[in-house]
Structures are given as C-alpha cells and as structure tokens.
Amino acid sequence: MAKDFYGELQLGILGGGQLGRMLIQEAINFNVTIHILDPDKHAPCRDLCNRFVQGALDDFDTVYAFGKGLDMITIEIEKVNVDALEKLEEEGVMVYPQSRIIRLIQDKGLQKQFFKQNDIPTAPFQLISSKESLNNASIPLPYIQKLRRDGYDGRGVKKIISEADIEDAFEAPSLIEQWIDFDKELAIIVSRNDDGDVATFPCVEMEFNPEANLVEFLISPSTLPFEIQQRAELLAKKIAEDLQIVGLLAVELFLTKDGQLLVNELAPRPHNSGHQSIEGNFTSQFAQHLRAIFNLPPGNTATRSNAVMVNLLGEAGHDGLARYEGIEEILAMEGVYLHLYGKKFTKPFRKMGHVCVINEDREAAISTARKVQQTLRVIT
Ligand SMILES: Nc1ncnc2c1ncn2[C@@H]1O[C@H](COP(=O)(O)OP(=O)(O)O)[C@@H](O)[C@H]1O
Ligand SMILES: [Mg+2]
C-alpha cells in the first residue's frame, strides 16, 4: 500500500474494548482517523474515537455498512462477521489481518488442521461433532475438550479426566486434545507487513489464575535458555510466513517437561500477553501492529527493562458500578504504571485494567507486582 497516507487514512477497528483503546493511544501518533464498531454503548473506546458505531460485530449488514468507505479495517477481537470483511476486501478495503486468516483462526479445529498441514508442532487432537463420539475417542484420557468456535479466556475449554466427565462435556462442534502436563506457558508475538518484513518480540512467561483461567501475571523477558527462546521465535516467524499474515500475531505455546514447544493457539491481533511492551520494550505491540498494517518497517522489539504485567480483574462477589481501591498506594511504589480500561461496570474476573511494573532487577519487579496484586482491587 501507499505509505503517504498520513492524515488521510480512515481506519476502522472492529471492537472497542481495551485492545482498541490501547491501539488508539498509538494510532494518534500516525494522524489516522479512527472509526470503532462495538455492540456496547459503554465500550472503552466510545469517547476516544472519531466515529463510534454501536452495532453487532457478527452481523453481516452491520459490519459491511461500517466498513464501506473506509480505507482499512483491523480487529481487536476475532468474533466478527468474516463474510462482510471478505466482501469489503473484494471491493478494495484493506482488511488486516486478512479475512481468510480471521476465518481460519475463528475455528480452533481449522487452526489445528493448519498446524498439522504445515508441520507446526501441536498437541495431538481429534475433531468431535457430538458428545457421544467421545465414548470412542482416539485420544486417551485425560484430555481437554475445546469448543471450535467462540471460546475465550478459558470459557470454551473443559478438562475431561475420566469417563464420568463425558456426561458434562460440551455438546457442540469441538475438538479434543491430549492433556499436556507442561512446564510453562509461553507467548510470543510476531508481526509481518505487506513487504514481508517479520519481527518477533522476546518471549514472555505467563502465569495463569487457575480459578479464572486468565493470564494473571506475566514476566518479560523470559529467562528460559536462549536455545528455547530462539526456537520459539523461529516457530512464530514460520507461522506468520505460512499464513502470510499482515498485522500482529500472538502465538501461545506450551513448553513441555522434555523441552518440546507445542503451539496451543493463535490470535491475529494485539494480545494480553503483550501489554508489558508499552513500557517494557522500545516498541509496543500496539505500535508494531500499526506499523505492520501500514506496511512500515517493524520497530525495535528489544526490552528496555524487566517488566511484570498484572491483570486487574474484577473482585469476586462484586457486580455493578466499578470503584477502585489502592490506586494511591500502588502509584507510590517504584516503577508502577497503571492502565485502567474505562469500563463502567465490574463483575467477577472481568478485565478492568492492568498494571505494568518496570525494574532493572527482575526479582524486585516480581515482588512489587505481587504487592500490587494484593493492594489494588476493583469493587462496587
Ligand atoms: N492440551 C492442553 N493441555 C493442558 N492444558 C491446556 C491444553 N490446552 C489448553 N490448556 C490450558 O487451558 C488454557 C486455555 O486454553 P486455550 O486453548 O488457550 O483457550 P482460550 O481460547 O480460552 O485461551 C490454556 O492457556 C492452558 O492453560
Ligand atoms: Mg488461549
């Protein structure tokens, strides 16, 4: 695409949540005009864009009408109407990531088949059409069942330990996957532009909240052996190239106890595991996504410092207008950066914001992050 669009480009973002919000913070520096589509009239981007359209992301007519006349569309969520994007693409709107990639990634079954076809290491799996077929599954127990579509933040996954659990299994198109007793979960973010420039961010380590199945704690950079990090980077680059994606791609990986890297899943957009890049790296994931979709050279992804990211989740038992406790205390701590997402209402485990802790000393960053976790609360 032409690189002389500054000030003229009409950029549409499907989804106006926190990812869109942080993308807008960077997009301002490129002089682009921002249009947002989101079903929620209180969406975090609502008052931060040039044009806000309230409407369903999965409705053909809504997405098509929103995109018609824009120069470029990107996404902050995969659950969007791909047929409309495909039509807009045919009519000359630049859609990044491309509609065919969103279609593939929307369906975990197609993702797994793509991994298999391209020799990308992943846990053995089987596609499942009904609960009954679990009785003669080819994957031995225990395994994990995943809905093919619309699962996120652990909401579409179920561990099946014994035959008794099959009764409670999902009755929907799904896949089952070998249970991986992994050592660590890693994420690596890669970007690719239309010229084919590919760049990866350093690996990060994730810690999950077992109750909510959300990334709760993230440490950058990873202290894993260089060789493992290098393998993860090569794998992420290979996937970006196999897909020929334009934009950012987050690759979630398992590191097994015997040192294998298995790809868990992909997200073709900025990702929760890259939030620390805002303060922790020379280029943030949001800036990198924009560079990629604008066909600009990738920025320097190196870390500036150790960074620990803590998700700020709505407190259990609190549902309603959000209030924040502990902000003064945490901002008195060294190297603490607060990001609130502008969500009016809280509910248990809702992502309400995040905090990034920066410190030259990794252990100090981790210990401050733990203090932040104990101090900062979202209540009603
Ligand atoms: N094959 C597996 N073995 C063990 N744990 C898994 C497996 N697949 C997923 N998980 C766990 O469940 C989490 C959510 O699964 P994932 O497929 O990433 O779904 P989501 O779309 O909800 O992020 C993973 O981050 C991981 O902790
Ligand atoms: Mg995941």
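User: How do the residues lining the largest cavity divide into nonpolar, polar and charged?
Analyst: Ala, Val, Leu, Ile, Met, Phe, Trp, Tyr, Cys and Pro count as nonpolar, Asp, Glu, Lys and Arg as charged, and the others, Gly among them, as polar. A cavity is a set of points on a 1 Å grid over the protein atoms alone where a 1.4 Å probe fits but cannot get out; lining residues have an atom within 4 Å of a point. The division is six nonpolar, four polar and no charged.

User: What kind of model is this?
Analyst: Residues are numbered from 1 along each chain as its sequence is written, while chains are lettered from A and ligands numbered from 1 in the order written. Side-chain values use heavy atoms, without hydrogens and water; local features need pLDDT of at least 70, side-chain atom pairs count only at pLDDT 80 or more, and totals for chains, interfaces and linings use all residues, for this is a predicted model.

User: Which annotated residues line the second largest cavity?
Analyst: An unreviewed UniProt entry annotates a "binding site" at K108, K146, E177, Q178, W179, I180, E185, N264 and E265. From this set, the cavity lining takes in K108, K146, E177, N264 and E265.

User: Is N264 buried or exposed?
Analyst: Buried means under 20% relative accessible area, exposed over 50%, partly exposed in between (1.4 Å probe, protein chains only). N264 has 10% relative accessibility, so N264 counts as buried.

User: Which side chain makes a polar contact with the side chain of N264?
Analyst: A polar contact pairs N or O atoms within 3.5 Å, one able to donate a hydrogen and the other to accept it. At 2.8 Å from the N264 side chain, the partner is K146.

Notes: UniProt positions renumbered as here; feature names shortened; annotations may be inferred. 1 Å grid on protein atoms, 1.4 Å probe; cavity = no way out; pocket = protein on both sides within 12 Å on 5 of 7 lines; lining within 4 Å.
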